[in-house]
Amino acid sequence: MSCTFLPPRACPLAPAILQAPKISRTRTSFPCRSSMEKQHLIRGSKLMEFPYLTDPHRDTMVDLISAMENRLGSHHLLPSSVPPDVEHYQNESGTSQGTLHIRCGIDSSPIDFVLASWLHLEQPTGGALDITNIAGYLKSSTDVPHFQFELVKCSPTFLILFLDLIPRKDIVFSPDYLKTYYEDTQLEKFRQRLDQLPEVQPYFSSSLYFRRVVSPTGILVSIKCEDGAGPERVEEIIREHVRPISNDIMRIWIDMCVGEGVEVGETERAVLEKRDSLIKSKAIEMDLSSSMPKQFGQEVADRVLRVIKSVYNV
């Protein structure tokens with residue numbers, strides 16, 4: 001998720017929600033583009049410019065998006081379904097800017113959709129928040145976890161990182177799920193690697209609801225480097241640790257998606273859809289509906305929220 005994962009003071013807004021139910025493309029108001037427009041893929045979009053990021057932060061985003069594009073691509077994904085005035089949007093003064101890119105999964109793919117975005121939010125007191133987000137959502141035909149990456153630059157010396165494969169079952173009641181997707185994949189070693197850095201500390205979301213959504217191996221940390229090198233050390237941590245860890249977890253997730261997977265019965269599908277839908281609805285209720293108008297104005301917010309709600313089928 002975005003803002004639900006990070007409290008409003010740290011992250012006022014991000015146009016991406018953690019969980020999503022199965023998309024009903026016959027009802028969406030924003031169909032994926034025709035074959036004549038397939039040339040306008042993510043690599044040529046405003047999204048990939050990342051004008052406000054440091055080089056290591058930008059490189060991390062490009063790596064993750066490229067991995068999705070290269071390994072999933074046309075075998076799993078349709079062209080972007082987002083209108084041009086939502087692919088890039090801003091408030092009247094230009095102090096808040098955002099991008100949103102969504103590609104739906106083809107009918108035969110386990111991918112529901114993938115989403116990428118960035119936000120640049122200048123603050124009245126000075127400085128700016130830069131929020132980057134990549135997410136991958138699965139259909140109820142599989143129980144593979146969802147992918148979520150979010151890196152928030154609160155200042156040149158202070159970041160918040162959320163990186164997780166979001167469980168879609170109650171792990172207490174599904175120990176085999178825990179073993180298959182979290183223990184056998186050795187995801188815990190990535191969290192422990194970051195935990196060894198003195199600049200990295202656990203970040204506790206103010207949302208108790210969110211704390212119940214993340215996995216046992218989820219990475220939710222702050223990176224603070226105010227002594228000495230400061231911004232240079234932050235860039236080093238992203239380059240040497242955040243980037244390779246994120247790439248490894250993305251690779252593990254894509255391997256899960258393109259693998260044979262476990263067949264999900266009708267009863268279990270209904271449970272997965274309900275869980276995804278409840279979390280998604282809660283996220284919109286808690287965050288986007290109230291925070292987006294404050295940052296972008298009601299007209300822009302309505303336009304962006306229509307796309308998000310249409311894709312999420314709410």
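**Figure 1. Lining of the second largest pocket in the predicted model.** Residues P167, K169, D170, I171 and V172 contribute to this lining, as do R211, R212, V213, V214, S215 and P216, together with R275. By residue class, the lining comprises six nonpolar, one polar and five charged residues. The volume of the second largest pocket is about 230 Å³.

**Figure 2. The largest pocket and the elements around it.** This pocket holds about 310 Å³ of space. Its lining is made up of 19 residues, and those nearest the centre are P202, Y203, G218, I219 and L220. Two or more lining residues come from each of α5 (188-195), β8 (200-202), α6 (208-211) and β9 (219-224). The lining of the largest pocket contains 12 nonpolar, four polar and three charged residues.

**Figure 3. The largest nonpolar core.** This core has 49 residues, and the members that touch the most others are I134, F147, F149, L161, I219, I249 and W253. Helix α7 (residues 231-258) supplies the largest share of this core, with 12 residues.

**Figure 4. Surroundings of F149.** F149 is among the members of the largest nonpolar core that touch the most other members. With neighbours within four places in sequence left aside, F149 is in contact with T60, M61 and L64, with T132, N133 and I134, with L161, F162 and L163, and with V242 and S246. Of these contacts, I134 and L161 are also listed among the core members that touch the most others.

Key
Residues are numbered from 1 along each chain as its sequence is written. This is a predicted model: local features need pLDDT of at least 70, side-chain atom pairs count only at pLDDT 80 or more; totals for chains, interfaces and linings use all residues. Side-chain values use heavy atoms; hydrogens and water are left out. On a 1 Å grid over the protein atoms alone, a cavity is a set of points where a 1.4 Å probe fits but cannot get out, and a pocket is an open set with protein on both sides within 12 Å along at least five of seven lines; lining residues have an atom within 4 Å of a point. Grid points are joined across faces, edges and corners, and a volume is the space filled by probe spheres set on the points. Helices (H or I, at least four residues) and strands (E, at least two) are DSSP runs, numbered from the N terminus. Ala, Val, Leu, Ile, Met, Phe, Trp, Tyr, Cys and Pro count as nonpolar, Asp, Glu, Lys and Arg as charged, and the others, Gly among them, as polar. A nonpolar core is a set of buried Ala, Val, Leu, Ile, Met, Phe, Trp, Tyr and Cys residues joined through side-chain atoms within 4.5 Å. Buried means under 20% relative accessible area, exposed over 50%, partly exposed in between (1.4 Å probe, protein chains only). Contact means heavy atoms within 4.5 Å.
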